[in-house]
Amino acid sequence: QLQLVESGGGLVQPGGSLRLSCAASGDTLDYYAIGWFRQAPGKGREGVLCISISGDSRNYLDSVKGRFTISRDNAKNTVYLQMNSLKPEDTAVYYCAADSSPPYWDGSAWAACKDDMEYWGEGTLVTVSS
């Protein structure tokens, strides 16, 4: 059973940076697509970035383009979310999730991540405030 644990969240000032980590245990991440999702207070969960098994990344939010990047280190069984130029509206609980399903056509592109990923972490809180 794959288990995911996020870390790296915290309080940061606007314009600052954080790197979130998603460490896996119980299985190797080599065979999973990994997505980062977030849920802001009072709002629904939204997908942020996804990285496929082959390392291709896809951005789901225009608001984070050019600021957030996703990467994976299979040797460390860990996926990262680098967040730069943080804004107060980035405040949310950030979750990583994994799925071993093959990519599917979502109408515009092949998608490795989906809303109902197989495995989820507990989340890490990111607060952007001065």
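How many aromatic pairs does the structure hold? I counted three, taking rings of Phe, Tyr and Trp (its six-membered ring) as paired if their centres lie within 6.5 Å, with planes under 30 degrees apart stacked, over 60 edge-to-face and the rest tilted.

**Ground rules.** I am working with a predicted model, where local features need pLDDT of at least 70, side-chain atom pairs count only at pLDDT 80 or more, and totals for chains, interfaces and linings use all residues. Residues are numbered from 1 along each chain as its sequence is written, and side-chain values use heavy atoms, with hydrogens and water left out.

**Rings.** I looked up tyrosine 32 and tyrosine 119 and found an edge-to-face pair, because the centres are 6.0 Å apart and the planes stand at 75°. The two tyrosines come from distant parts of the chain, 87 residues apart: tyrosine 32 sits in the loop between strand E3 (18-25) and strand E4 (33-39), and tyrosine 119 in strand E12 (residues 119-120). Strands here are DSSP runs (E, at least two residues), numbered from the N terminus. Tyrosine 32 is buried at 7% relative accessibility; for my own reference, buried is under 20% relative accessible area, exposed over 50%, and partly exposed in between (1.4 Å probe, protein chains only).

Next I noted tryptophan 105 with tryptophan 110, also edge-to-face, at 5.5 Å between centres and 70° between planes. Tryptophan 110 is exposed, at 59%.

**Charge over rings.** Arginine 45 lies over the face of phenylalanine 37 at 5.9 Å from the ring centre, and over that of tryptophan 120 at 4.0 Å.

**Salt bridges.** With a side-chain nitrogen of Lys or Arg within 4 Å of a carboxyl oxygen of Asp or Glu as the criterion, I get six salt bridges. Where does arginine 38 meet glutamate 46? Their side chains meet in a salt bridge, 2.8 Å from N to O. Arginine 38 is buried at 5%, whereas glutamate 46 is partly exposed at 31%.

Aspartate 90 bridges to arginine 38 as well, at 3.0 Å. That link spans 52 residues, from the loop between strand E8 (78-83) and strand E9 (92-99) to strand E4. Both aspartate 90 and arginine 38 are buried. Shared partners join Arg38, Glu46, Arg67 and Asp90 into one network.

Last, I jotted down aspartate 62 with lysine 65, a salt bridge at 3.0 Å; aspartate 62 is exposed, at 62%.

How values were computed. Helices (H or I, at least four residues) and strands (E, at least two) are DSSP runs, numbered from the N terminus. A charge sits over a ring if NZ of Lys or CZ of Arg is within 6 Å of the ring centre and within 35 degrees of the ring normal.
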